[in-house]
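Trainee: I would like to learn how to read a structure such as this one with some care. Could we go through it feature by feature?

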Amino acid sequence: MLPTYTEAIVVDQNVSSIDSIVDSFSPYRALRDARVDSDYERVLTKLQAEWSFVGASLVALAGLEAAVFGFSSGSLFTVDSVAKRAIAMASIASGIGLSIDAWFLLVYSGADSTRFQKMALDVYGKYLFFCISARLPALCMFASAFALMTFLLAVAWSAWPNAVLVMSFVAGMLISLQFIVYGLHCVVVFIVEVVKGIRRGFFRCHEWMRPPPPVVVEKHR
């Protein structure tokens, strides 16, 4: 007989809905479940790598947005109010994201696991607010990239609207292709089930409306 081993899995029943939401986009769960120094070092290493990548991306976006300000009113493309507001929003997001990212890199660059554990705690003794603020540089990067895309589409719209519509439609269709295929699959399955139901109902009505066979009476000699 081989010995059996059963590991008890502890499920945290005290996780609120706010904790679950923060868990979905931040390392809050990893920090909440961390017990030894290696767990905290692993989270800190991932965050530092993310901050470095996001910082480089924000610098590149800020350079593109600064170059856009060199557009004059007599340039080849028309820059309307929508494009101006979009590039202004992109510049604001890049500036805020760079400042926050530089702050995190400056404060946590030389921190060890013990110092990181103490600095990440908020006034409530949790890591909730740190995990939210730690993702702000990435959120600013997304906002800056989205605003820059809006600016480019607005400028391109003034030159070739059909190309903007076609390429945006193709890109959106490819991004959401799995949902489109799933929706079509559900529609086809629904139509097949409806046709089968109509077919079964037709045969039942046909059986009900068909007259009974005549009774054959045998004559005895």
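This is a predicted model: local features need pLDDT of at least 70, side-chain atom pairs count only at pLDDT 80 or more; totals for chains, interfaces and linings use all residues.

Trainee: How many helices and how many strands does the chain have?

Mentor: The chain has nine helices and zero strands. Of its 221 residues, 24% count as buried, and among the contacts with a separation of 6 or more, 75% are between residues 24 or more positions apart.

Trainee: How should I read the aromatic rings, and how many aromatic pairs does a search of the whole structure find?

Mentor: A pair is read from the distance between ring centres and the angle between planes, where an angle under 30 degrees counts as stacked and one over 60 as edge-to-face, with the rest called tilted. The search of the whole structure finds 10 aromatic pairs.

Trainee: Are Trp51 and Tyr108 buried or exposed?

Mentor: Trp51 and Tyr108 are both buried. The other pair is stacked, formed by Phe142 and Phe146 at 6.3 Å centre to centre with 25° between the planes. Since these two residues are four apart in helix α7, about one helical turn separates Phe142 and Phe146. Phe142 is exposed, with a relative accessible area of 56%, whereas Phe146 is partly exposed, at 47%. Ring pairs also link Trp51, Phe104, Tyr108, Phe116 and Phe130 into a cluster.

Trainee: Helix α7 has come up already; how many residues does it have, and what span should they give?

Mentor: The 24 residues of α7 (residues 136-159), taken at 1.5 Å a residue, should span 34 Å, and the end C-alpha atoms are 35 Å apart, which agrees. Its buried residues are Pro137, Ala138, Cys140, Ser144, Ala147, Leu148, Phe151, Ala154 and Val155, and these pack against α3, α4 and α6.

Trainee: Where is the place of Phe25?

Mentor: Phe25 sits in the loop between α1 (17-23) and α2, and it counts as partly exposed because its relative accessibility is 34%. Phe25 and Arg135 are 110 residues apart in sequence, yet their C-alpha atoms are 8.0 Å apart in space. Not counting residues up to four places away in sequence, Phe25 touches Ile132 and Arg135.

Trainee: In which helix is confidence lowest, and in which is it highest?

Mentor: Confidence is lowest in helix α9 (residues 177-209), at a mean pLDDT of 88, and highest in α6, at 95. Over residues 5-11 the pLDDT is below 50, and this stretch has zero contacts in the model beyond near neighbours in sequence. The chain as a whole averages a pLDDT of 86, with 84% of the residues scoring at least 70.

How values were computed:
Residues are numbered from 1 along each chain as its sequence is written. Side-chain values use heavy atoms; hydrogens and water are left out. pLDDT is the predictor's confidence in each residue, from 0 to 100. Contact means heavy atoms within 4.5 Å. Buried means under 20% relative accessible area, exposed over 50%, partly exposed in between (1.4 Å probe, protein chains only). The expected span of a helix is 1.5 Å times one less than its number of residues. Rings of Phe, Tyr and Trp (its six-membered ring) pair if their centres lie within 6.5 Å; planes under 30 degrees apart count as stacked, over 60 as edge-to-face and the rest as tilted.
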